Amino acid sequence: MKDSSRKQGGAAPCAACKLLRRRCAHDCVFAPYFPADEPHKFASVHKVFGASNVNKMLQELPEHQRGDAVSSMVYEANARVRDPVYGCVGAISSLQQQIDMLQTQLALAQAEVVHMRMRQFSSMTNSPENASPSSRDTQSHQAKSLFSMDMVEEQANMEDSLWH
């Protein structure tokens, strides 16, 4: 069974018109966003939103915003098919939990680095040296200032990683 528009030399109907079994007009609002070679896009959007609602949404938007709206509808529809209850919110929540877990792991790793540096610093200051007391004080002061600079740098890095 051949499509009558093909017999007349016209283009194949868009995925929306094909699914809805209607003639695809030259000014079809669906055609630019739901090409015939991607029928799954419109099928999932139609299943979740309905053709009438999608048509209304597209008609109300300026043409330059319709592509983004269709992309959002396709994404939400696919998320709703996978998770009918939460949809995109479920995916966002899952990603947020992963971020929280990774930030906790990062904070623990940074704390471990600080702890190791403190142990290294204490072993440096407690090691017996044959140097004079004044040179030991100078070395100790230099080590303390280096360590405090490391702490400032670690704290700045940790704050950056927590908020970015």
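Tutor: The protein exposes about 12,200 Å², with carbon and sulfur atoms supplying 56% of that area; accessible areas come from the Shrake-Rupley method with a 1.4 Å probe, and for residues only the protein chains shown count as cover. This is a predicted model, where local features need pLDDT of at least 70, side-chain atom pairs count only at pLDDT 80 or more, and totals for chains, interfaces and linings use all residues. Residues are numbered from 1 along each chain as its sequence is written, and side-chain values use heavy atoms, leaving out hydrogens and water.

Student: How many helices and strands are there in the protein?

Tutor: Helices (H or I, at least four residues) and strands (E, at least two) are DSSP runs, numbered from the N terminus. Here there are 7 helices and 0 strands.

Student: Is Ser44 buried or exposed?

Tutor: Buried means under 20% relative accessible area, exposed over 50%, and partly exposed in between (1.4 Å probe, protein chains only). Ser44 counts as buried because its relative accessible area is 9%. You will find Ser44 in helix 3 (residues 39–49).

Student: Which side chain forms a polar contact with that of Ser44?

Tutor: A polar contact is a pair of N or O atoms within 3.5 Å; within protein, one must be able to donate a hydrogen and the other to accept it, and residues adjacent in sequence count only if both atoms are side-chain atoms. The side chains of Ser44 and Asn78 are joined by such a contact of 3.3 Å. A polar atom of the Ser44 side chain also lies 3.1 Å from the backbone oxygen of Lys41.
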